[in-house]
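Subject: A structure for you to look at

Hi there,

Here is the structure I promised you. Have a look at it first, and then read on for my notes.

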There are 2 protein chains.
Amino acid sequence: MREEHTYIDHLWAVIPAGGSGTRLWPLSRAARPKFLLPLLGSRSLIQQTFDRVSTLTPPDQIVVVCGPAHAAAIARQLPELPEGNIIIEPTPNGTGPALALANALIQKADPLAIMASFHADHDISDLGAFQRATRTAVAAARLGDLVTIGLTPTRPETGYGYIERTDDLRTETSEGAAYRAARFVEKPDEATAKEYISSGRFLWNAGMFIWRVDSLTSELRQLQPLILAGVTDIADSWGKRERERVLAQTWSTLPNITIDVGVMEHAQRVAVVPSEMGWSDVGDWHGLGELLAQDAQGNAINGDLVQIDTTNSVVWSSGHRKIATIGIDNVVIVDTPDALLVVDRNRGQDVKLVVDRLKGEADPRLL
Amino acid sequence: MREEHTYIDHLWAVIPAGGSGTRLWPLSRAARPKFLLPLLGSRSLIQQTFDRVSTLTPPDQIVVVCGPAHAAAIARQLPELPEGNIIIEPTPNGTGPALALANALIQKADPLAIMASFHADHDISDLGAFQRATRTAVAAARLGDLVTIGLTPTRPETGYGYIERTDDLRTETSEGAAYRAARFVEKPDEATAKEYISSGRFLWNAGMFIWRVDSLTSELRQLQPLILAGVTDIADSWGKRERERVLAQTWSTLPNITIDVGVMEHAQRVAVVPSEMGWSDVGDWHGLGELLAQDAQGNAINGDLVQIDTTNSVVWSSGHRKIATIGIDNVVIVDTPDALLVVDRNRGQDVKLVVDRLKGEADPRLL
């Protein structure tokens with residue numbers, strides 16, 4: 001039975017589905033990226049993202065932006081998503097051109113649209129908090145701000161960008177508030193990250209952006225005129241005979257830049273909605289282990305394991321083999337049919353180094 | 001080209017091939033025991049044992065005692081071994097009946113024989129020392145003693161039995177000496193093992209026994225008359241129509257006992273030849289790792305590994321998968337097509353606990 005939802009008027013959700021999730025190798029691969037994997041439950045991360053935004057807007061107002069290699073898998077994983085709502089980037093070009101193109105296409109379909117962008121490979125455990133923050137952000141966006149949802153940081157993470165907020169209230173609803181954002185900052189070093197946490201003024205930038213489509217178009221006109229011209233040409237050709245040619249010719253001429261660097265850091269009217277929603281980027285095996293159910297010894301186990309004196313470890317098996325561990329602490333073991341990873345849990349970020357090393361390998365399926 | 005060897009007159013080598021090597025699971029299985037595996041080089045441990053004794057006696061004077069499940073594999077691994085020299089125990093019954101039967105069959109073939117028994121699954125790195133110790137032991141055996149070769153211990157090992165030697169010289173050759181053995185002792189506790197080492201009078205019992213076939217027969221008459229009667233009946237039937245029936249009926253009535261407990265601990269004239277020959281029982285993954293070639297970080301690696309900051313570890317792969325390790329120290333990883341083991345290197349002895357646990361499993365091939 002389908003649940004009844006209270007949709008937000010004119011809300012269009014955009015789900016950028018890029019990146020392979022290198023740090024979750026060997027489960028994630030270039031051909032089977034993180035967002036397609038059912039890491040947390042029976043549905044993949046992109047399915048869970050789709051489910052989440054589906055509580056706020058109908059499927060025909062949800063758009064996925066992805067690469068050519070993943071369009072078919074996405075189409076099958078999201079049968080409710082209209083085929084025309086899958087936008088394929090010919091080549092990866094940063095979130096700047098990708099979100100600008102989505103914005104142009106949505107603006108063409110609905111000039112009053114509010115576009116809200118959420119990455120395909122993040123986890124959010126508190127759906128209610130996500131909905132409240134999004135509704136607040138939409139309220140702020142209606143007034144013309146480019147809005148981001150900033151997550152209250154729980155540790156001095158050096159792997160994320162931060163947003164410094166002010167106390168200048170831009171918009172307030174019964175469910176939250178949006179403040180003027182002072183600045184966006186890139187990934188800090190550890191000392192700086194600690195200062196950010198103790199200041200209480202910094203929020204994690206999780207790439208959640210909400211704006212009126214015409215607001216972004218205005219900012220693009222000032223800040224990224226080449227991108228705006230390109231995506232306008234592409235949007236004009238959409239549904240016409242020349243679509244493929246225009247896309248192919250135009251896309252490669254656009255600057256490769258993120259929306260953060262290309263727009264948000266320099267835009268005039270940027271607001272941030274602080275929120276806690278049990279957010280995680282499911283960035284590495286250590287983090288995934290924290291999201292999975294754990295046994296009394298702190299182990300997160302997926303697969304057929306015989307364990308003796310095993311603690312605080314993550315064991316992920318593709319399920320076809322018997323795994324035994326003895327006297328193992330704080331280790332991640334990931335077992336797939338063609339590759340096995342054993343890594344100190346504190347070294348989860350370094351899994352990408354293995355993938356880098358494998359780039360010289362004969363078999364590209366390993367990557 | 002076949003090497004020329006200086007064979008020892010009337011020497012018959014017996015190779016008991018029993019035990020699955022549980023602690024080398026998942027590489028070793030009941031159906032593919034340790035002695036059949038090429039753990040140290042391209043030839044299996046039983047092939048290396050055969051090669052070693054082949055330097056002292058011709059193939060038709062080498063006898064293997066094994067169980068029904070392994071006879072075919074042994075026949076194929078040792079093509080030079082005459083088929084009739086594979087003695088199949090109907091059921092495992094300890095080394096007492098097994099060696100007594102070999103002794104009876106050899107005595108029938110050559111009443112002047114010296115029988116020398118060496119386990120199928122041990123490693124010896126110093127062939128010359130092995131040959132010298134064996135020749136010395138044979139010299140002592142010719143005078144009527146039951147002789148054992150005792151290894152100079154290198155650590156207070158609690159996993160082996162020990163032999164206490166005396167200074168009473170029984171036989172001396174240019175290559176070594178045999179002394180009266182004071183006693184055989186079972187596996188000691190750690191404190192006792194340390195006393196043994198510091199006393200300098202204790203040697204490891206590696207199950208290397210050398211005797212004149214008539215000497216053992218005399219001792220069996222005193223100490224194990226049931227076994228002697230049984231194996232004599234079986235030997236009498238050997239090569240006759242009733243062989244299978246006699247073996248089947250008699251074997252199960254014999255006491256299940258080791259030659260150590262059944263004979264050596266109580267025999268009148270027991271001598272021991274101390275030796276160092278780079279001996280190992282290849283007992284567990286830690287020990288095997290010490291025998292394998294190691295890289296500069298102390299890792300023993302067999303297989304296709306990408307390693308980052310990996311030290312003092314053993315990685316054994318069946319070779320069909322890519323393995324990656326990061327930040328791993330003192331761990332053993334054993335990767336086979338249907339089972340994976342990850343174990344703290346200090347817990348190598350506990351691998352048998354996993355096999356015990358798996359005994360309730362549906363698939364007996366895992367055991």
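Helix H11 (residues 351-358) of chain A lies across S17 of chain A and across S13 and S15 of chain B. Relative to S13(B), this helix runs at about 135 degrees. Helices (H or I, at least four residues) and strands (E, at least two) are DSSP runs, numbered from the N terminus. Axes are lines fitted to C-alpha atoms, for helices over the stretch in contact, and angles run from 0 to 180 degrees between N-to-C directions.

Before you go further, please keep in mind that this is a predicted model, in which local features need pLDDT of at least 70, side-chain atom pairs count only at pLDDT 80 or more, and totals for chains, interfaces and linings use all residues. Residues are numbered from 1 along each chain as its sequence is written, while chains are lettered from A and ligands numbered from 1 in the order in which they are written.

Now to the strands. An open sheet of 6 strands, with mixed pairing, has the order S12(A)-S14(A)-S16(A)-S17(A)-S15(B)-S13(B). Its edge strands, S12 (300-302) of chain A and S13 of chain B, each pair on one side only. Two strands pair if DSSP finds at least two bridges between them. On average, neighbouring strands of this sheet are turned by 5 degrees against each other, direction ignored.

Where do the chains join in this sheet? Strand S17 (residues 339-344) of chain A runs parallel to S15(B), and 5 bridges join them. In S15(B), Lys322(B) stands opposite Ala339(A). There is also a parallel pairing between strand S15 (residues 322-326) of chain A and S17(B), over 5 bridges. There, Thr325(A) has Val342(B) as its bridge partner.

How many residues of chain B are in contact with chain A? The count is 28, and they touch 28 residues of chain A; two residues are in contact if their C-beta atoms, placed from the backbone, lie within 7 Å. S17(B) gives the most to chain B's side, with 6 residues. By class, that side has 17 nonpolar, 3 polar and 8 charged residues. Here Ala, Val, Leu, Ile, Met, Phe, Trp, Tyr, Cys and Pro count as nonpolar, Asp, Glu, Lys and Arg as charged, and the others, Gly among them, as polar.

Finally, chain A is divided into domain 1 (11-280) and domain 2 (285-366), with bounds from an automatic or database domain assignment. Their C-alpha centres lie 30 Å apart.

Happy exploring!
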